[in-house]
Amino acid sequence: LSEEEHPVPLAPSAVSEEEHPVPLAPSAQNVPAVERVRVPPAGLRFAGLLTLLLGAWAGIVPFLGPSFGYSADGTGSWHWSLSHALLWLAPGAASCLAGVVMMGLFPRATDRRGRLGSGFAGVLAIASGAWLVLGALAWPILQSSRAVFSPASSFREFTYQVGYSLGPGLLVSILGAFALGWAIRGRLHES
């Protein structure tokens, strides 16, 4: 074939519309297939970030808090105990995992089944938040031991309960409910 039969197309800016009325576009054969990546909406990513940060706080506060005089049970910094592990570290780690899934940092969490991943993250965040709130209250019953929080002034005990359990737990549960609602709403719109 000669050049006259198959001219080399010029860039669209180099050819005026009078000379070449048909728009120049690459042929469908030369365009590589692009896989569409689904990214969670900004609100869900922000909720995931907050869940991650609150989970990190809940998991680390019994170990780091005594360093600056914030020890709810009277132990020192970096003191490992079963109550620290089960009441704060485990739900904090679960909240961090839920936050990472909400932000879409797992590749499979944002594909077609992304709503299912966000729903799972929401349920996990709700459960870990609920355990943060209720765990300290249930611990004396489960372990046949004294209360988790050391006796202190009314205000100090209030700050322990809010900073260790109630605050992070309620906020993580609310953010988990947001993620679960987003997942359910998306399923309803897809069907």
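**Reading surface and rings**

A: Start on the surface: Trp 57, Ile 60, Leu 64, Phe 68 and Trp 78 make up a nonpolar patch with about 500 Å² of accessible area together. This is a predicted model: local features need pLDDT of at least 70, side-chain atom pairs count only at pLDDT 80 or more, and totals for chains, interfaces and linings use all residues. Residues are numbered from 1 along each chain as its sequence is written, and side-chain values use heavy atoms, leaving out hydrogens and water.

Q: What are patches made of?
A: Residues with over 30% relative accessible area and no salt bridge; like charges are joined within 9 Å, nonpolar side chains (Val, Leu, Ile, Met, Phe, Trp, Tyr) within 5 Å. A salt bridge puts a side-chain nitrogen of Lys or Arg within 4 Å of a carboxyl oxygen of Asp or Glu. Areas come from the Shrake-Rupley method with a 1.4 Å probe; for residues, only the protein chains shown count as cover.

Q: How is a pair of aromatic rings described?
A: By the distance of the centres and the angle of the planes. Rings of Phe, Tyr and Trp (its six-membered ring) pair if their centres lie within 6.5 Å; planes under 30 degrees apart are stacked, over 60 edge-to-face, the rest tilted. There are 9 aromatic pairs here. One of them, Phe 63 with Trp 78, is stacked: 6.1 Å centre to centre, 15° between the planes.

Q: Where do Phe 63 and Trp 78 sit?
A: Phe 63 is in helix H1 (residues 42-64), and Trp 78 is in the loop between H1 and helix H2 (82-103), 15 residues apart. Helices (H or I, at least four residues) and strands (E, at least two) are DSSP runs, numbered from the N terminus.

Q: Is Phe 63 buried or exposed?
A: Buried means under 20% relative accessible area, exposed over 50%, partly exposed in between (1.4 Å probe, protein chains only). Phe 63 has 5%, so it counts as buried. Trp 78 has 53%, so it counts as exposed.

Q: Which parts does the pair of Tyr 70 and Tyr 160 tie together?
A: Tyr 70 and Tyr 160 form a tilted pair, 5.5 Å centre to centre, 55° between the planes. Tyr 70 lies in the loop between H1 and H2 and Tyr 160 in helix H4 (residues 154-190), so the pair ties together parts 90 residues apart in sequence. Both tyrosines are buried.

Q: What does Gly 92 touch?
A: Contact means heavy atoms within 4.5 Å. Not counting residues up to four places away in sequence, Gly 92 touches Gly 55, Ala 56, Ala 58 and Gly 59. Gly 92 lies in helix H2 and is buried, at 2% relative accessible area.
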